[in-house]
Structure formats: C-alpha cells, structure tokens
Amino acid sequence: MAGFTFSRRSALAAGTGILAGLRPGHAPAQGAPIKVGELNSYARMAAFAMPYRNAIQLAVDQINQAGGVMGGRPLEFVFRDDGSTPGDAVRVAEDLLTREGCAFLAGTFLSNVGLAVSDLANQRKKLFLATEPLTDALTMAQGNRYTWRLRPGTYMQTRMVVEAARGKTAKRWAIVAPNYEYGQSAAANFKKLIGSAIPGAEIVAEQYPALGRVDAGATVGALAQARPDGIFNVLFGPDLTAFVREGNTRGLFERRLVLSLLTGEPEYMLPLGDECPDGWIVTGYPWEQVQDAPHKAFIEAYRARFNDTPRKGSVLGYVTAQVVASMLNKANSTETEAMVDALADLPTQTIVGNVTMRALDHQGTMGTWVGETVLRGRTGTMRNARYADGANYLFPEDEVRAARPRS
Amino acid sequence: MDFGFLVVQSLSGLASASSLFVIASGLTLVFGVTRIVNFAHGSFYMLGAYMAVTVVPWLLDFDRSPLLFFTGVLVSAAVVGVLGVVMEVLLLRRLYKVPELFQLLATFGVVLMVQDAVLWIWGPVEIPGPRAPGLRHGVEILGQRFPAYELFLICVGPAVLGLLWLLMHRTRFGILIRAATRDREMVGALGVNQALLFTGTLFLGAFLAGLGGALQIPRVSANSQMDLSIITEAFVVTVIGGMGSVPGAFLAAVIIGQLNSFGVLIFPKITLVLVFLLMAVVLVVKPWGLLGRPEPAAGRAALPEGILATPRFGLWEKVILAVVLAATLAVPVFGDAYTVKVATEVLIFALAAFSLNFLVGNGGIVSFGHAAYFGLGAYAAGLLVTKGGFAMEPALIAAPLAGAAFAALFGFFVVRLTGIYLAMLTLAFAQIAYAVCFQWVEVTGGDNGVVGVWPSAWARSREVFHYLVAGCCILGIAALRHVIYAPFGATLRAARDSEQRADAIGIDVRMHRWLAFTLAGAAAGLAGGLYAFSKGSIDPTLLAIPMSIDFLAMLLLGGMQTVMGAVAGAAAFHTIKDFFMPLTDHWRFFLGASIIALVLIFPRGLSGAYGALRRRA
C-alpha cells in the first residue's frame with residue numbers, strides 16, 4: 001500500500017492548500033503545466049457553471065502556490081463551452097485532447113453530453129472525470145474503464161431523501177418530475193426505494209412536464225386531485241419556482257410531506273426567495289452552517305475573491321480540483337492507464353471530508369447535505385441539515401456487477 | 001372526477017391560453033403584414049419579463065398598489081415595443097427587398113444575440129418577480145382553491161382581443177394592417193407609407209410579446225431560456241389559428257390551453273408532442289389553419305425565390321472546384337487531427353444543407369424540419385450498429401433508406417400544402433419524430449441517446465473516416481446537383497414558379513414534389529448516418545429544432561439562389577461557430593452578430609455576392 005500513504009500525504013497538502021499557500025519557503029510550481037480539459041455548459045447552464053469554474057480556479061491557484069502537482073509542476077484547467085449538445089461536446093473534447101494537448105477530460109453538465117463524452121473517452125482511451133452529470137447510466141449500464149464520476153448520481157440522491165423520510169406515515173405518494181432522463185430515473189428509483197422506507201407506500205399520481213415549460217396550474221391541479229399524503233418532486237430551476245408559487249397559492253403543500261431533490265442548493269433556493277416552502281426534505285448545501293475548518297476556509301477564500309456566496313457548484317468545483325491533484329500525485333504521470341489505475345479506490349481528503357473513487361463502479365463517495373427547508377428572513381435555507389456521506393448510499397455491489405458491462 | 005375539479009382544471013387551461021394568446025397575437029400581426037417569420041418574438045417575450053422584474057419591484061418600493069404594478073407591466077411592454085422598432089429600423093428595413101426567408105435568418109441572429117445580452121445584463125440566475133398586490137391570494141371555486149391572479153389573466157385575453165378588434169376596425173392604422181395582411185402589394189401601390197406601417201406593426205407586435213412576458217412575472221421567474229420555450233408554442237398557435245388571423249389565434253390558444261390542462265391528466269408524458277399532433281391534424285384537414293385565408297400570392301405567378309439560373313461551371317468555377325476538392329482531400333495530409341475532424345463535419349453539413357437547398361431553392365418547398373431526416377438517418381444507422389449488431393457498412397446503406405422512407409411518409413402530407421403552412425407542417429412532423437425518439441426510451445435510449453456508434457475498424461482513424469465521408473458527401477452532392485440540372489430539376493422549378501401553369505402543361509406537381517422530398521430526405525439521412533459515426537453517439541438533439549435552424553442558416557448564408565451556395569454556407573457557418581466557441585462564453589452573441597453582419601453585407605448570401613462579382617468582372 002505504498003501508493004496509498006503517498007497519496008494521502010499529497011492529498012493532505014492539496015486539501016490544506018489555503019494554509020500551504022501562506023507557508024513561507026514553499027516554492028510555487030514550475031515547469032510545463034499539466035493541462036486538464038474542462039468542458040461544461042458555461043453558456044446555457046451559467047447559474048451552475050460559473051460558480052463551479054470560479055471554485056476550480058481558486059483551488060488551482062492554491063494548489064500551484066503550494067507547489068503544484070507531481071513534484072512541482074503547475075496544474076492548469078482549460079475551460080471550454082460544450083455547446084450543451086453531444087455533437088458539439090464531442091468536437092470540443094477532441095479539440096481539447098488534440099490541439100490543446102490536455103492530459104485528460106473533466107466536467108460536463110447534461111447527462112446526454114456526459115454519456116457521449118464518456119463513450120468518446122472509451123473509444124480514444126483517454127480519462128474522463130465526469131463531475132456534474134447525474135445519470136446512473138454513466139457508472140452502471142454504460143460505464144467504462146476510462147470514465148469516473150465524482151458527484152452523487154440520481155440513485156444516491158434519491159436514496160438520501162427517501163431514507164430521511166423513514167418512519168413517516170405518508171402512504172399515498174404523487175411524483176412530479178421533468179420529462180427527461182434525470183426526472184424519469186429519479187422517479188423510477190423513488191418507486192423502487194420508497195417501499196423499503198415506508199412499508200405499504202403506493203404511487204397515486206405521476207406528472208412529467210416537459211423540462212423548462214411546466215404548465216404549473218394544470219400540473220398542480222392534477223396532483224391535488226389525486227389527494228396524496230406525500231409528494232416526491234424532481235423539478236428544479238424555473239420549473240420549480242413556477243411549481244412552488246402555484247402550489248403555495250393553491251395550498252398543494254399544506255399538511256403534505258414533500259421530498260425534493262436538489263431544492264436545498266443555493267442555485268435553486270435563492271430564486272424561490274420568500275416563497276420557499278417549509279419542511280420539505282431536500283438535498284442541498286447550507287453553506288452558512290458548515291463547521292469544518294477546511295471547508296470554512298474555502299468559503300472565506302471564495303467570498304473574498306469572488307464577492308459572492310458559494311453555490312453547490314462551487315463545492316463540486318473545488319473538490320474536483322482536489323481529487324485531480326491527488327490523482328496526479330499518485331499516478332506521477334499523465335499517461336492515461338497510470339491515471340486510471342491511480343483513481344481506483346483513491347481516497348482524497350477534501351473540503352467535504354474523505355472522497356474515495358470506488359473502483360467497482362467508478363463512482364466517487366462525495367456526498368451532499370440532507371435537511372428540511374425553512375424560511376429565515378427573506379430567503380430559504382435548511383434546518384437539521386447533516387452531511388450525508390456518499391459512501392453510505394452507493395449502489396449495492398451485486399447490482400453494480402449485474403449492470404456494468406464486463407471489460 | 002368531481003365537477004369542481006374539472007371546472008378549475010379548465011380555468012387553469014384558460015389562464016394559460018390567455019397568456020399564450022397575448023403573445024401569439026403579436027406574432028400573427030407581424031407575420032400578416034410583413035410576412036416575416038419572426039423568431040425574435042420569443043426574445044421580446046423574454047425581454048418583457050426581464051424588464052418587468054427590473055421595473056416593477058422598483059415601482060412597488062414607492063407603494064405596494066395594484067396600480068403601480070400594472071403601470072410597471074405596461075411600461076415594460078412599451079420598452080420592448082420600442083426595441084421592436086429598433087430591430088425594424090436598423091435591421092429588417094434593409095431586408096424587405098431580399099427573399100422573405102432571409103429575414104428569418106436575421107431574426108434568428110437577433111435571438112442568439114439577445115440570449116447572451118440577457119445573460120450579460122441580468123446574470124445567469126433566474127429572477128423571480130413580485131406577486132401582484134391585491135391578487136396574491138387564492139379564491140375558493142366549487143371547493144377548490146384557484147389563484148386570483150389567474151382569474152385576472154383569464155380576463156386579459158378577451159380584453160386584448162377586444163382592443164385589437166377595435167384597433168383593426170375603428171382606426172386607420174388598423175384598417176391598413178388588415179389591408180396589408182390581405183394584399184401587401186396593393187397597399188403599397190395605393191400610396192400607403194409602407195415603412196411607417198411596418199414600423200408601427202413591429203411596435204405593436206413587440207409590445208404584445210413584452211406584455212405577455214411582463215404579465216407572467218407573478219407566475220414564473222424571468223430566465224434565459226424562456227424565449228425558445230415560448231416561440232414554438234406561439235408559432236403553433238398562430239398556424240393552427242391561421243397566420244395573420246387574430247381571432248384564429250384566440251381560438252387556437254383556447255384549444256391548446258384546454259388540451260394541455262386535460263392532456264396532463266390522461267397522458268402525463270406526452271405534453272411535449274400533443275400540440276404538434278394537433279397542428280399536424282389541423283393542417284392536413286384545413287390547410288390554411290382554422291380561420292386563415294389562402295395566401296393571396298398563392299394564385300399568382302410570384303417572383304420566384306431560389307435557384308434561377310443553372311449555369312454550367314465556367315473556367316473560374318472549375319478552378320475553384322478543383323482547389324476545394326484538392327483541399328478537402330489534402331486536409332488529412334497537412335492538417336492536424338482537429339482540423340480533420342472539423343473538415344469532416346463541414347462535409348457532412350454541406351451534404352445536409354445541399355439537400356435542403358434542393359428542396360428550398362430548387363423546389364420552393366421550405367422545410368423547417370429537415371433535421372428530422374438527418375436525425376432519423378442517424379438513428380437508423382446507430383440502432384443497427386448498437387442494437388442490431390450490424391457493421392458500419394450496412395448501417396450506412398440503411399441511413400439514407402430510413403431518411404427516404406420517413407420523408408416519403410411525412411412528405412405525402414407535406415406536399416399538399418404551400419408556403420408557411422407547409423413549413424410549419426414539416427416542423428410538426430419533425431417535432432413528432434423528435435418526441436418519439438425522446439420518449440421511446442427502451443429502443444432509442446430517450447434523451448440520453450445511444451452511445452457506441454463507432455465506425456468499422458478499418459475506418460476508425462480520423463483520416464480514413466475523413467476520406468470515407470468525403471467520398472460519400474461529394475458523390476451525394478454531385479448526384480443531387482445532377483438532378484437539379486436534369487429535366488426533373490427543371491420541372492420542380494417550373495412547379496415552384498407557377499403551380500397552375502405547371503399543372504396546365506400536364507405536370508403532376510404533387511408527385512414531383514413528393515419524389516423531391518423523398519430524395520432530399522435520403523441525402524439528409526446519409527449525412528445523418530455519417531454524423532452518427534463521426535460522433536460515436538445518437539441522441540434527440542440531432543433532430544431537434546436548433547439543428548433544423550442550423551441547416552437553414554447554412555443554406556441562407558451560402559445563398560439559396562445558386563446551386564452550390566449551400567456548400568459555401570455550411571463551411572462558413574461551421575467555421576464561424578467553431579471559431580467563436582473556444583474564445584468566449586458569449587459565443588452565441590458573436591455567432592448571431594456574424595450572421596446579421598453577413599446578412600447585411602451579402603443580402604443574397606455568399607454565393608450571391610460571388611455571382612455579382614463575376615458579372616462585374
């Protein structure tokens with residue numbers, strides 16, 4: 001386990017980069033930079049992607065000040081817009097790999113873009129560290145040797161909110177989800193899992209409005225008509241705002257338990273403003289309640305540099321850079337096979353605690369916060385929030401073996 | 001289901017219908033007078049919402065009164081109306097003399113620029129608007145709670161309809177609008193100041209779009225994607241109602257509102273396609289929409305738009321052709337890996353755009369849904385390889401066959417129509433095909449698509465694949481070009497220029513158009529198949545509306561009057577996009593600005609400019 005101790009030491013250096021940057025006598029990184037090709041939906045998903053890119057830049061600067069990676073070489077991220085379609089993304093990925101000479105690829109937001117880039121990586125035998133795409137297919141049915149995913153996927157997040165509802169009495173459930181892969185697979189996971197958390201639970205209504213164009217009045221009416229005890233919501237962004245406003249006015253959420261994915265993230269909580277509902281069980285990021293010292297240091301550095309509060313995307317961006325640094329230090333090479341081997345079961349001490357890239361399904365154990373929504377002042381936040389470590393919500397091992405293609 | 005629920009659900013539908021009508025009425029007025037398919041209408045809607053979330057909270061700081069709220073809404077709409085005037089004066093006015101389709105391209109450039117301008121001014125985070133003072137609460141109706149603001153919205157639609165009726169029947173401006181909608185040339189001949197009339201109509205249209213957006217702020221937050229989500233629906237409403245008909249738009253909006261609000265009860269997953277199914281059915285049964293009238297120019301021998309002359313290649317053209325061919329073949333030798341990749345894509349898009357020009361320029365069949373055949377070809381090839389276990393070679397034969405088969409199926413209905421209605425029916429079929437690919441998850445992989453569509457081992461390197469694509473595309477373009485010069489192509493042009501005369505000399509116009517549609521579908525299918533293998537994956541974005549618009553943009557940039565223009569347009573469009581995308585996050589702004597610049601500098605496309613140069617030389 002020599003590699004393990006080595007990586008832990010270097011990971012520690014990366015993890016405490018904020019302090020390391022101030023340490024006197026530590027030479028900044030020198031030599032040819034190691035380039036990482038980062039592609040994301042910067043134009044179309046700017047609300048997520050900008051804080052994400054900011055945090056990566058923050059992390060990279062700190063890492064480089066602290067001496068860089070692989071014994072002193074600077075780390076560099078090359079950021080590109082992926083055009084939000086698989087066709088554009090694949091071309092941009094080729095550009096990053098060939099013309100820009102990037103060692104490997106990272107990023108993407110939309111699931112179909114993530115899958116297309118993942119398959120390109122498999123074809124070209126290049127590493128791809130998917131950060132944001134949530135689809136389970138990326139690590140399960142369409143997983144491959146060269147693709148790894150950092151963020152908890154749809155299954156993991158659904159399981160987190162469902163287990164938080166354990167012991168509740170709501171038996172009749174309604175589902176509302178955007179009509180694309182993320183919504184459909186969150187709904188399917190919910191149907192699979194809710195029975196184990198609440199015995200006897202049944203689904204009484206399902207609504208799948210088209211992404212970005214929910215007809216909130218009709219949808220709320222249809223849900224209320226089924227008289228559910230609980231609602232599982234997967235809507236986010238503008239759809240969520242419209243749905244919550246309509247639901248508040250029509251009293252849809254009164255005396256009902258609501259489970260909701262991602263709603264506690266500042267990206268989606270801020271636009272709700274004082275319409276933020278009370279007592280929904282959500283996954284999110286209550287940054288102002290964080291107590292961990294490294295994480296607090298990150299938040300302070302982020303606020304000082306960008307004059308803005310961190311978003312969930314910022315945490316993901318920072319952790320991405322930390323995991324990348326840790327992987328490069330362990331592999332000590334930018335050769336693809338060495339990097340892939342280095343990622344297998346690689347633990348990294350990050351601002352959210354330990355994140356291990358599980359070798360079995362190439363899924364990171366980064367977690368997220370689970371809690372209840374509450375309105376404080378004019379904006380919503382979370383109460384009783386706790387960090388749910390992704391390690392406890394991974395797919396069961398036998399399911400992974402059955403789903404992943406044999407290499 | 002109890003009665004109260006049905007009433008309330010129907011009221012929800014009416015509230016949506018009312019909002020939709022306000023927007024669509026502006027679109028239909030602008031189209032009626034100017035004949036411009038104004039893609040930027042959705043942008044005006046979005047700007048209205050953003051203006052309102054900026055102005056209204058500021059006004060409400062003085063006093064939380066309903067009066068100030070609605071003042072803010074009207075002010076926002078007026079500001080957007082002025083922006084409409086700016087677009088007319090600076091851009092559209094310079095383009096009234098060029099083919100109508102070209103103005104569509106210009107408005108598309110505006111859409112791209114506004115999208116990034118909004119992100120730049122207001123930031124990427126969605127902005128929720130304030131609730132309307134006095135209308136925050138819910139009202140009990142038959143035991144169900146219903147938002148008071150939506151009751152108010154239900155009244156707005158008929159009010160706008162009434163005001164528009166008064167305007168159209170009681171004012172000189174309105175009478176001129178109606179006259180211009182019936183026969184624009186006649187209005188011009190009678191000495192009416194057309195420039196003023198057009199400017200006024202654009203103000204009214206943009207005002208209504210802005211009003212629609214501003215009225216939405218208590219319900220939805222202003223966000224940078226609301227333009228594209230509304231524009232297709234607004235088009236559907238205007239087409240179902242009959243382009244240019246305001247009462248028709250009202251009727252269509254009510255039908256669609258009810259369809260949506262009850263549709264979600266019966267088919268919760270099909271909302272995506274329900275309205276397009278309705279549009280397809282309406283157009284097949286009533287080719288001019290519910291309350292529309294036949295286009296006045298339909299019976300007339302209109303000034304033809306599209307390919308006019310089919311000159312043989314002269315010396316210069318032969319030299320250019322030789323250089324281009326040599327460059328295409330030399331790219332893998334001299335260019336780096338990425339240049340090869342881009343060149344491969346340009347070739348594929350050139351074939352697709354050329355096949356579209358075969359329809360638009362040569363046949364006068366304007367297709368807004370050409371990506372359907374491109375995408376279906378890609379799906380046929382991709383599914384054969386991944387699910388059927390076939391190799392690349394048979395899959396590449398299947399791709400054009402699939403494109404042709406679906407083009408034949410859809411084309412059978414499409415060629416019965418003309419003009420804008422035909423274009424909208426192609427769009428409807430493309431959206432239906434898109435929805436099937438999107439929804440049929442078991443087979444098509446849903447919106448994630450299917451990955452693993454890679455070429456056979458021998459063609460796997462970028463260079464070899466480039467030569468394969470070059471071979472297919474050059475042969476495809478040459479074959480289509482041959483058809484344009486053949487009697488079949490001449491017959492299509494005859495039918496395009498005067499359907500009646502062509503009919504009178506014994507040409508079966510529909511049959512010829514149908515065959516042309518099928519042939520173009522086959523070529524697009526082949527391009528789609530090649531594209532799938534170049535990307536390694538298939539997914540619904542291949543047959544989505546933006547892809548169809550890209551093809552149109554390529555064709556128009558190149559110039560639809562010349563045979564080879566589409567090829568130049570594909571190269572130009574793809575190169576501009578590829579140039580700006582890595583440079584800045586705001587690449588859409590620069591892409592849009594480039595399109596507008598090219599439209600203004602070369603109002604007949606790149607090849608039109610070349611033609612002018614040749615004639616002068």
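Q: What counts as a helix or a strand in this predicted model?
A: The model is predicted. A helix is a DSSP run of at least four residues in state H or I, and a strand is an E run of at least two. By that definition chain B has 25 helices and four strands.

Q: Why is chain B called as compact as a globular protein of its length?
A: The globule rule is 2.2 Å times the number of residues to the power 0.38. For 617 residues the rule gives 25 Å, and the radius of gyration of chain B is 25 Å, so chain B is as compact as a globular protein of that length. Along the principal axes, the C-alpha atoms of chain B fill a box of roughly 70 × 60 × 50 Å.

Q: How much of chain B counts as buried?
A: A residue is buried if 20 or more other C-beta atoms lie within 10 Å of its own. Of the 617 residues in chain B, 58% count as buried.

Q: What makes helix H9 of chain B largely enclosed?
A: Of the 16 residues of H9(B), 13 are buried, so the rest of the structure largely encloses this helix.

Q: How do you know that the length of H9(B) agrees with its number of residues?
A: The expected span is 1.5 Å times one less than the number of residues. For the 16 residues of H9(B), 226-241, that should be 22 Å; the end C-alpha atoms are 23 Å apart, which agrees. After H9(B) comes B:Gly242, with a positive phi near 105°.

Q: Which residues bring helices H1 and H6 of chain B into contact?
A: Contact requires C-beta atoms within 7 Å. From H1(B), B:Leu29, B:Gly32 and B:Val33 meet B:Ile177, B:Ala180 and B:Thr181 of H6(B). This contact has four nonpolar, two polar and no charged residues. The two helices, residues 3-34 and residues 172-182, pack at an angle of about 65°, with axes 7 Å apart.

Q: What makes up domain 1 and domain 2 of chain A?
A: The domain assignment gives 2-153 + 291-366 as domain 1 of chain A and 156-289 + 369-397 as domain 2. Their centres, taken over C-alpha atoms, are separated by 29 Å.

Q: How many residues of domain 1 of chain A are in contact with domain 2 of chain A?
A: In domain 1 of chain A, 26 residues are in contact with 18 residues of domain 2. Elements giving two or more residues to that side of domain 1 of chain A include helix H3 (46-65) and helix H12 (312-331). The side divides into eleven nonpolar, ten polar and five charged residues.

Methods:
Residues are numbered from 1 along each chain as its sequence is written. Chains are lettered from A and ligands numbered from 1 in the order in which they are written. This is a predicted model: local features need pLDDT of at least 70, side-chain atom pairs count only at pLDDT 80 or more; totals for chains, interfaces and linings use all residues. A residue is buried if 20 or more other C-beta atoms lie within 10 Å of its own, exposed if 12 or fewer, and partly exposed in between; C-beta atoms are placed from the backbone. Axes are lines fitted to C-alpha atoms, for helices over the stretch in contact, and angles run from 0 to 180 degrees between N-to-C directions. Two residues are in contact if their C-beta atoms, placed from the backbone, lie within 7 Å. Ala, Val, Leu, Ile, Met, Phe, Trp, Tyr, Cys and Pro count as nonpolar, Asp, Glu, Lys and Arg as charged, and the others, Gly among them, as polar. Domain bounds come from an automatic or database domain assignment.
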